[in-house]
Amino acid sequence: MTRIALLDAHLAFGLLPLLDDANLTVSAGERIGLIGRNGTGKSSLLAVLAGHQALDEGDVQRRDGLTIALVEQEPVLPEAATLGASLALRGGFGSLDDTARAALAVRLAAQLDRFGLAPTRAASGLSGGERKRAALALAFAREPDLLLLDEPTNHLDIAGIEQLEALATGAAGLVVVTHDRRFLDRVVTRIVELDRGVLRSYPGNFAAYEGAKAQELAAEAVANRRFDKFWKQEEAWIRQGVEARRTRNEGRVRRLEQLRTDRAARRERAGNVKFTLDAGDRSGRLVIELDGVSKGYDSRPIVRDLSLRILRGDRLGLIGPNGAGKTTLLRLMVGELAPDAGTVRRGTQLQVAYFDQLRAQLDPDATVADTISPGSDWIEVRGRRRHVTAWLEDFLFPARRARSPVRMLSGGERHRLLLARLFAQPANLLVLDEPTNDLDMESLELLEQTLQDYTGTLLLVSHDRAFLDNVVTQTLATEGEGLWREYVGGYSEWLAQRRGPADSGKPQRATTTTAPVRERTRQRLGFREQRELEGLPAAIEALEQEKAALEAAMCSPGYHRSPPERMRADRERARAIDGEIEAAMARWEALETLRAAQGGDVPPSSR
């Protein structure tokens, strides 16, 4: 049953339309992941569905009595003495009868408890993450027919994201905007992409979308090349002039006019961000060493008796809930904070670049260009002089935005600007505190690849589980009460090791001495590729066994009496298996070649 439908929708801000004759239908029980580039209009589309934004043209049809709850990227809570009272105002409790108001208050208290909040706490002084969690609690407490979530995983820790996944999976209807790929894989039943004003639908989760989208983009590129070639041929013909007039081929002239119209109307895909990292001069082998370090606030231990060695080329991810002290630990490592006890020793020739999750390093009154290169139109990257506007264009800032003040930028644009400034300076120690917030999918994946190829040392705080798996070589996770423990691998490896046999319960002193960690750094194969390589032999063997079983069945007596549909399906599957085996063998060879080529350059003992 259709709950809401968007019909022939048009919406524009500025020159390019956000919605261009777009159509969307949301049925009961559907959980839709809405994805697209930053600035394409995803938040505006949610506002249209919620009834908070009017279309320029088109129609929104809602089922009678449909209840909708929208949680914005940055929710605003009404002023009140307590959090519960503020949410009651936001949720319109005053319009309900006593029975409904009491039932909703009970559900709200339960949801707030799930998100680690109390209705009696003061409403003033809430952080952005707490406001987001409170708005999510209210939305789920209302039990709407359609739930609209705009970047709900921002500001949530891993436990909070997993809690949100469980709640979202039970929603009666859901449209969610998020860049968290694992969330999309676990929650949604359909992906809808907003691309150049058009909504395109892909059944399944994000992994299924990626495969379908790759084929679609390849076909689009081929079609565009054919169109452009034909168009240029027609333009060359019309320029002959005399022949065109002599043949009086008016139909061909009209066709060329239509080609010109179509070519002008074709909106090209936006360019990709071009991340470039300069690892600077080679640091010493020892980058950071913590020996018995402790730090606390108000009698609460943040770090207790931590010993840790970080060597050149390590990529360390910090995992823990909000408030566990991940940012504090980063600041201890780079020297911005002094420990209460113990010593922190930093290696030689360090060049540090620090990405602050709060973007406090950006001056809102400075221009975009001056943020990158104060007082100069030029910067030097990897020994090459570049104009600041050209560098900004690599991060999707058009030349006209170079003189805009920072305060005029969106959250995603400020994020890219800070990365642009960070990457403009050479750094052999890169410190990233929540770098994935506000990045679109393509920029996120490009950042992953850039960090995989980075030859310096990386310290990373992130709640993006897929990002951690694809980037880091070891993790440092909080064990509670100020204790931290190191694990080899990313989030998935940490999860598997954490669920292993219970340890003795004694405090563990973290050290970075494992050879496999440095071996992976040296190979520069991401964990996704490493796991893929390790699993390919078994996958190929399974395909070969399936093929043998299928061939045996097709050769068995009486098979010719099988239904035609089954025989046709078996033939098609046999052909498909051959293609899958061939592709798997090629991928195996490619990954083995990459590992062999990159694996022999630096012996482990020399690091």
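A residue counts as buried when its relative accessible area is under 20%. The structure discussed here is a predicted model.

Q: What makes helix 10 mostly covered?
A: Of the 9 residues in helix 10 (residues 326-334), 7 are buried. These are K326, T328, L329, L330, L332, M333 and V334, so each of them has a relative accessible area under 20%. Just after helix 10, G335 takes a positive phi of about 95°.

Q: How much of the protein is buried?
A: Buried residues account for 47% of its 607 residues. The secondary structure comes to 19 helices and 20 strands.

Q: Which residues of helix 3 and helix 4 meet?
A: L104, R107, L108, Q111 and L112 in helix 3 meet A134, A137, L138, F140, A141 and R142 in helix 4. By class, this contact of helix 3 with helix 4 has 8 nonpolar, 1 polar and 2 charged residues.

Q: What makes helix 2 oblique to helix 4?
A: The angle between helix 2 (residues 83-90) and helix 4 is about 55°, with the axes 11 Å apart. Roughly parallel requires an angle under 35 degrees, and roughly perpendicular starts at 65. About 55° lies between these limits, so helix 2 is oblique to helix 4. The crossing of helix 2 and helix 4 is right-handed.

Q: Which residues form the contact of helix 2 with helix 4, and how do they divide by class?
A: From helix 2, L83, L87 and R90 meet A134, A135 and L138 of helix 4. The residues of this contact divide into 5 nonpolar, no polar and 1 charged. Arg counts as charged, so R90 is the charged residue here.

Q: What makes a set of residues a nonpolar core, and which residues have the most contacts inside the largest one?
A: The members must be buried nonpolar residues joined through side-chain atoms within 4.5 Å. The largest such core has 46 residues, and W391, L417, F423, L430 and L451 have the most contacts inside it. Helix 13 (residues 411-423) supplies the largest share of this core, 6 residues. Another core, of 41 residues, lies apart from it and includes I35, L77, F93 and F206.

Conventions
Residues are numbered from 1 along each chain as its sequence is written. This is a predicted model: local features need pLDDT of at least 70, side-chain atom pairs count only at pLDDT 80 or more; totals for chains, interfaces and linings use all residues. Side-chain values use heavy atoms; hydrogens and water are left out. Contact means heavy atoms within 4.5 Å. Helices (H or I, at least four residues) and strands (E, at least two) are DSSP runs, numbered from the N terminus. Buried means under 20% relative accessible area, exposed over 50%, partly exposed in between (1.4 Å probe, protein chains only). Axes are lines fitted to C-alpha atoms, for helices over the stretch in contact, and angles run from 0 to 180 degrees between N-to-C directions. Angles under 35 degrees count as roughly parallel, over 145 as roughly antiparallel, 65 to 115 as roughly perpendicular and the rest as oblique. A crossing is left-handed if the near helix is turned anticlockwise from the far one by less than a right angle, and right-handed if clockwise.
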